[in-house]
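I opened a new structure today and kept notes as I went. The entries are in the order in which I looked things up.

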Amino acid sequence: MAPEEDAGTELLLQSFERRFLAARALRSFPWQSLEAKLRDSSDSELLRGILQKHEAVHTEPLDELYEALAETLMAEESPQGHRSYLLPSEGSVTLSESTAIISHGTTGLVTWDAALYLAEWAIENPAAFTDRTVLELGSGAGLTGLAICKMCRPRAYIFSDCHSRVLEQLRGNVLLNGLSLEADITANLDSPRVTVAQLDWDVTTVHQLSAFQPDVVIAADVLYCPEAIMSLVGVLRRLAACREHQRAPEVYVAFTVRNPETCQLFTTELGRAGIRWEAEPRHDQKLFPYEEHLEMAILNLTL
């Protein structure tokens, strides 16, 4: 096979694997390209790669693969499932997530695309997090933070959210990925200190935020309505007030541009709060399965 064909086959295999393990959008996978390659008797690399990754003992591997695909595509969804997101280090982040966009009155039980995009950016820019204390606002299922903990070596990481069900799922996902919560006396000293904190943006105080002593603050996909934007800007203003006690943290906010008016409201409110911002350049790595046509951005805020 020619080198360019080898590269195309490997990319197709990687795309299949990442979508399959993350239980993501298999209907949008380029099935015609896969079928064409499988029908090409000279193209054995793709089939071999799939079989090596999904072969099971005492079964016909190709039949098992197609049965698994059929179940994934056709079975009724259960309320909760596990998804795995592959990391460049050969490891992965595995999450328990809701299969419904809205569950238990919140959207925080699933991984949203901007969380994947921010995790990619973090992995490409580890120095922003290495040996630093990171506070994440609205952590949701925990994908971004767990990827940072595994790939960027922060000193401490604080997951936060306000919904009790989200916090319960977050704690489970932290433990599922081999990390310990701060109160665990058996915690691995080589791992970051991990905390899961309840944080209501509307009532948290400057004193409470100062106690976290964050060097970096991040948030992903939290600009979903005007009320959330106003609450977020309020938290950022209180974080800026922490400068009386310590150096203001660096802040990175990632979002999917679904409604330009919503994004405009956010930047307008930042201006009113005296918070400067600039957009981070788009990063090169595409590690996680989200739709490439989506417009996403990361703003670097100066408090």
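**Entry 1: the whole chain**

I noted before anything else that this is a predicted model. I counted the secondary structure and got 10 helices and nine strands. I then looked up burial: of the 303 residues of the protein, 48% count as buried. The exposed surface comes to about 15,700 Å², and carbon and sulfur atoms supply 50% of it. I also looked at how far contacts reach along the chain. Among contacts between residues at least 6 apart in sequence, 70% join residues at least 24 apart.

**Entry 2: the nonpolar cores**

I looked for the largest nonpolar core and found 42 residues in it. Phe-129, Phe-159, Ile-218 and Phe-288 have the most contacts inside this core. Helix H5, residues 113–124, gives the most to it, with nine residues. There is also a second, separate core of 32 residues, and Val-233, Val-253, Leu-270 and Leu-301 are among its members.

I then listed what Phe-159 touches, leaving out residues up to four places away in sequence. The list includes Glu-136, Ser-139, Leu-170, Val-174 and Ala-197.

**Entry 3: Ser-160**

I moved on to Ser-160, which sits in strand S4, residues 156–161. Is Ser-160 buried or exposed? Its relative accessible area is 0%, so I put it down as buried. Its side chain reaches the backbone oxygen of Glu-136 at 2.5 Å. Beyond its neighbours within four places in sequence, I found Ser-160 in contact with Leu-135, Glu-136, Leu-137, Gly-138, Ser-139, Ala-197 and Leu-199.

I looked at helix H6, residues 143–151, and found it mostly covered, with seven of its nine residues buried. The buried ones are Leu-143, Thr-144, Gly-145, Leu-146, Ala-147, Ile-148 and Cys-149. Just after H6, Arg-153 takes a positive phi of about 55°.

Next I checked the length of helix H7, residues 164–176. Its 13 residues should span 18 Å at 1.5 Å a residue, and the end C-alpha atoms are 18 Å apart, so the two agree. In H7 I noted Arg-165, Val-166, Leu-167, Gln-169, Leu-170, Asn-173 and Val-174 as buried. Just after H7, Gly-178 takes a positive phi of about 80°.

**Entry 4: helix H9**

I gave helix H9, residues 226–241, the length check too. H9 has 16 residues and reaches 23 Å from its first C-alpha to its last, close to the 22 Å expected. Its buried residues include Ala-228, Ile-229, Leu-232, Val-233, Leu-236 and Ala-240. What covers the buried residues of H9? I found that the cover includes strands S3, S6, S7 and S9 and helices H8 and H10.

**Entry 5: aromatic pairs**

I counted four aromatic pairs in the structure. In one of them, the rings of Tyr-85 and Phe-288 have their centres 6.3 Å apart and their planes at 80°, so I logged the pair as edge-to-face. Tyr-85 is in strand S1 and Phe-288 in the loop between strands S8 and S9, 203 residues apart, and the pair links distant parts of the chain. Tyr-85 counts as buried at 1% relative accessibility. Phe-288 is buried, with a relative accessible area of 1%.

Trp-121 and Phe-129 form an edge-to-face pair, with 6.2 Å centre to centre and 85° between the planes. Trp-121 counts as buried at 4% relative accessibility, and Phe-129 counts as buried at 0%. I noted one aromatic cluster made of Trp-121, Phe-129 and Tyr-252.

**Entry 6: Leu-294**

How exposed is Leu-294? I noted it as partly exposed, with a relative accessible area of 22%. Leaving aside its neighbours within four places in sequence, Leu-294 is in contact with Asp-113 and Thr-256. Leu-294 and Thr-256 are 38 residues apart in sequence and 7.0 Å apart in space, C-alpha to C-alpha.

Methods:
Residues numbered from 1 in each chain as written. Heavy atoms only, no water. Helix = DSSP H or I, 4+ residues; strand = E, 2+ residues; numbered from the N terminus. Buried < 20%, exposed > 50% of the residue type's maximum accessible area, 1.4 Å probe, protein only. Polar contact = N/O pair within 3.5 Å; in protein donor to acceptor, adjacent residues only side chain to side chain. Contact = heavy atoms within 4.5 Å. Expected span 1.5 Å × (residues − 1). Core = buried A, V, L, I, M, F, W, Y, C linked by side-chain atoms within 4.5 Å. Areas by Shrake-Rupley, 256 points an atom, 1.4 Å probe, with all protein chains shown as cover. Phe/Tyr/Trp six-rings, centres within 6.5 Å; stacked < 30°, edge-to-face > 60°.
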